Amino acid sequence: MQRLIAVLFTLVLVCFAVPATAKNTIENIRMWPSPDRTRVVFDMGEEPVFSYFHLNQSHPYRLVVDFPETDLNFNIDQFESNSLLVKTIRTSTAKDAGSTRIVLELDKTIEPQIQSLGPQGNYGHRLVIDLPGTSLKRDSTALRAEDLQERKVTVAIDAGHGGEDPGSIGPRGTYEKDVVLKIARALASMINSDPAMQAYLIRSDDYYVDVNERPRKAERIDADLFVSIHADAFVSPQPRGASIWVLSNRRASTEMGRLLENKERLSDVLAGVEPAADEQEFLNETLVSMSMDHAMLSGYEAATEVLAELKRITKMHKTKPQHASLAVLTSTAMPSMLVETGFISNPTEEQLLRSNQHQQKLARAIYQGVRGFFMRRPPDGTMFASNRASRHVVRSGESLSILAQRYNTSVTAIKTRNNLNSSVIQIGQVLEIPSPE
């Protein structure tokens, strides 16, 4: 009898314990501003249940989110907004006991996009709120689309991952997204210092851009080349070295099929020309195939140039460009490549990738390879094609050796061309740069 009573008592305890364990929690709140939106992420203990409404009668405008039967296990008083769109995030009186009400104070009235995401990778259950609107000033090294000069060679630089997507994580906790952004910024700075080139950063800060949107952003600014920068990883720490990937024929065929079905994108690829009628669709396929073949061939050539420069400053994992089926390498409008700068999963290489000196070397090698490619295959109408890049105005920190390296020539050739008896040059001095040797 005592045993039966003990079992019944245990069952009663379990029944009363169920509601407590079933209650949800907000464990953390994260914010990721980008130039065109702010993403707010609620990390939840379980799948979120929620409702929301707007209060747009006065500024600041408010988006109110209710979480029934949910506790806030996060000190929201210490949360600081780094978004131009979101003024603050705070709590308010919940409509029910045991629930949580979160208020987002906004600078503009917006219509949010809200989705619930299940556990994936390092994350558990999440409620993701995307708020459209200008939320971040672009980094000063990154030109805006409206700043680009039409006939300079334009290089779109894509720093992989970003925001809530850290990419691969090294043994010391180094995030791939942070390393590649630093390399991308350094590369953009070098390109923007070149009188014949200009750089456009696909992401200029710590936020996420959809992988399918990255090449589209490059197409919209008529980029001449797309360079995506990443850091490799493997399940064991042994592999190391850089490599470069270009679009595979299989992915190219699949992408071409999708493009032919998308009339808006097809018109863009055909340079604004109206796609042929249904009975002449083979003409569309032929033109797109020619465009894709040209982009793939040029991408391989550009990758070969960059790879040759990388060999000079770092160990290589692959000595030739590799073909891959990657979403970021799907543009028919320009050559593209993905540069794996090293294995962040290798302790030695992780340490190198954390080093500003090595980041600068990697950026310089990519820049030299890109410039070498355009010197050999100059786009029509650019300064490379018209040779107007042969005149250079000396800037602070430049020397003859730096200019010789940048323009693929020699110190002696520059001195001879400009009748210089000394290697000393002055800021503002105009030099004629000889053709590459």
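Predicted model: local features only at pLDDT ≥ 70, side-chain atom pairs only at ≥ 80, totals over all residues.
**Helices**

| Helix | Residues | Number of residues | Expected span | Distance between end C-alpha atoms |
|---|---|---|---|---|
| H2 | 176-192 | 17 residues | 24 Å | 24 Å |

The N-terminal end of H8 is capped by Ser355. In this cap, a side-chain oxygen of Ser355 lies 3.3 Å from the backbone nitrogen of Gln357.

Helix H2 reaches 24 Å from its first C-alpha to its last, which is close to the expectation at 1.5 Å a residue. H2 is mostly covered, with 12 of its 17 residues buried. Among the buried residues of H2 are Val179, Val180, Leu181, Ile183, Leu187, Met190 and Ile191. Glu176 and Lys177 of H2 are buried as well.

**Sheet**

Strands of a sheet pair through backbone hydrogen bonds, in either a parallel or an antiparallel manner. Here, four strands make up an open sheet with antiparallel pairing, in the order S3-S4-S7-S6. Its edges are strand S3 (51-55) and strand S6 (86-92), each of which pairs on one side only. From one strand to the next, the twist averages 20°.

Strand S7 covers residues 100-106 and pairs with S6 in the antiparallel sense over six bridges. Arg90 stands opposite Val103 of S7.

Technical notes
Residues numbered from 1 in each chain as written. Heavy atoms only, no water. Polar contact = N/O pair within 3.5 Å; in protein donor to acceptor, adjacent residues only side chain to side chain. Helix = DSSP H or I, 4+ residues; strand = E, 2+ residues; numbered from the N terminus. Expected span 1.5 Å × (residues − 1). Buried < 20%, exposed > 50% of the residue type's maximum accessible area, 1.4 Å probe, protein only. Pairing = 2+ DSSP bridges. Axes fitted to C-alpha atoms, helices over the stretch in contact; angles between N-to-C directions.
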